[in-house]
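Okay, everyone, thanks for coming. Let me put the model up on the screen, and then we'll walk through it together.

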Amino acid sequence: MKAAACVCVRSVYIPPDPSIDPPYRKRKSALSSSASTIDPAVARDLLARARQARANAYAPYSRFPVGAALLAADGRVFTGCNVENASYGLGNCAERVAIGKAVSEGAREFAAIAVTGPEDGTACAPCGACRQVLSEFGPDLPVVTPSGNAEGYQLTSMGQLLPGAFGPAALAASQRDR
Ligand SMILES: [Zn+2]
């Protein structure tokens, strides 16, 4: 029997959908955006990509498909979906699939992430585990989720979702104290 391939480490870069205008390729300022200033076109584009990724979710147990789209500082977009397992605890979230794909492809700086759950008009915040993992690479990363408002999305940041996060600085401080 052929061994199953790990979906987390498959080739990651999804070329831009030609039907979607990639605004971040034209507006470099979007790559340095903060949670309060992210380009709305970038936010909507990432959310659209997260919805596309959600279509691949493997969620037969929770029946809660999630998609994520992570924008790297170099303009690449890495997507992810949740990948569950019959051994429930081994399931992985869309956000951590996306960041694993990104880091394995050499991306470590990120401009924003969009996350969507099953409902297009309902916010879907990253779980605690994903907040910790995302914070490692972007303690102030803008986070886009769906919303029923006029903009079609709502914006928050990792700093708001995980204030006082444990991160590399805490370990460095510990090393200095020894
Ligand atoms: Zn999660």
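Let's start at Gln52, which is partly exposed, because 17 other C-beta atoms lie within 10 Å. The rule behind that word: a residue is buried if 20 or more other C-beta atoms lie within 10 Å of its own, exposed if 12 or fewer, and partly exposed in between, with the C-beta atoms placed from the backbone. Gln52 sits in helix H2. Gln52 and Thr116 are 64 residues apart along the chain, yet their C-alpha atoms are separated by 9.9 Å.

Two bits of housekeeping. Residue numbers start from 1 along each chain, as its sequence is written. And this is a predicted model, so local features need pLDDT of at least 70 and side-chain atom pairs count only at pLDDT 80 or more, while totals for chains, interfaces and linings use all residues.

Now the overall layout. The protein chain has six helices and five strands, and from the N terminus on they run α-α-β-β-α-β-α-β-β-α-α. Of the 178 residues in the protein chain, 35% are buried. Among contacts with a separation of 6 or more, 60% come from residues 24 or more positions apart. A contact here means that two C-beta atoms, placed from the backbone, lie within 7 Å.

On to the sheet. In what order do the strands come? The order is E2-E1-E3-E4-E5, in an open sheet of five strands with mixed pairing. The edge strands are E2 and E5 (153-157), each pairing on one side only. Pairing means that DSSP finds at least two bridges between two strands. Neighbouring strands in this sheet are turned by 20° against each other on average, ignoring direction.

Let's zoom in on one end of that sheet. E1 and E2 pair in the antiparallel sense over five bridges, and Gly67 has Cys81 in E2 as its bridge partner. The two strands form a hairpin with four residues between them, and Gly75 in the turn has a positive phi of about 100°.

Is E2 mostly covered or mostly open? Mostly covered: five of its five residues are buried. In a regular strand the side chains alternate between the two faces of the sheet. For E2, Val77, Thr79 and Cys81 are on one side, Phe78 and Gly80 are on the other, and all are buried.

At the other end, E4 (residues 142-146) and E5 run antiparallel, joined by five bridges. There, Pro146 has Tyr153 in E5 as its bridge partner.

Eight of its eleven residues are buried, so H3 is largely enclosed by the rest of the structure. The buried ones are Ala94, Glu95, Arg96, Val97, Ala98, Ile99, Lys101 and Ala102. What do they pack against? Helix H2 (40-54), strands E1 (67-72), E2 (77-81) and E3 (110-116), and also H4.

H3 (residues 94-104) and H4 (residues 128-137) pack at an angle of about 30°, with their axes 9 Å apart. The axes are lines fitted to C-alpha atoms, for helices over the stretch in contact, and angles run from 0 to 180 degrees between N-to-C directions. H3 and H4 are therefore roughly parallel to each other. For that label, angles under 35 degrees count as roughly parallel, over 145 as roughly antiparallel, 65 to 115 as roughly perpendicular, and the rest as oblique. Which residues make the contact? Glu95, Arg96 and Ile99 from H3, with Cys130, Val133, Leu134 and Phe137 from H4.

Finally, the loops. Just after H3, Gly106 takes a positive phi of about 95°, and its place is in the loop between H3 and E3. Gly106 is exposed, because it has 9 other C-beta atoms within 10 Å. Gly106 and Ala72 are 34 residues apart in sequence and 10.0 Å apart in space, C-alpha to C-alpha.

Then there's Arg63, in the loop between H2 and E1. Its phi is near 55°, a positive value in a residue other than glycine. Arg63 is exposed, with 9 other C-beta atoms within 10 Å.
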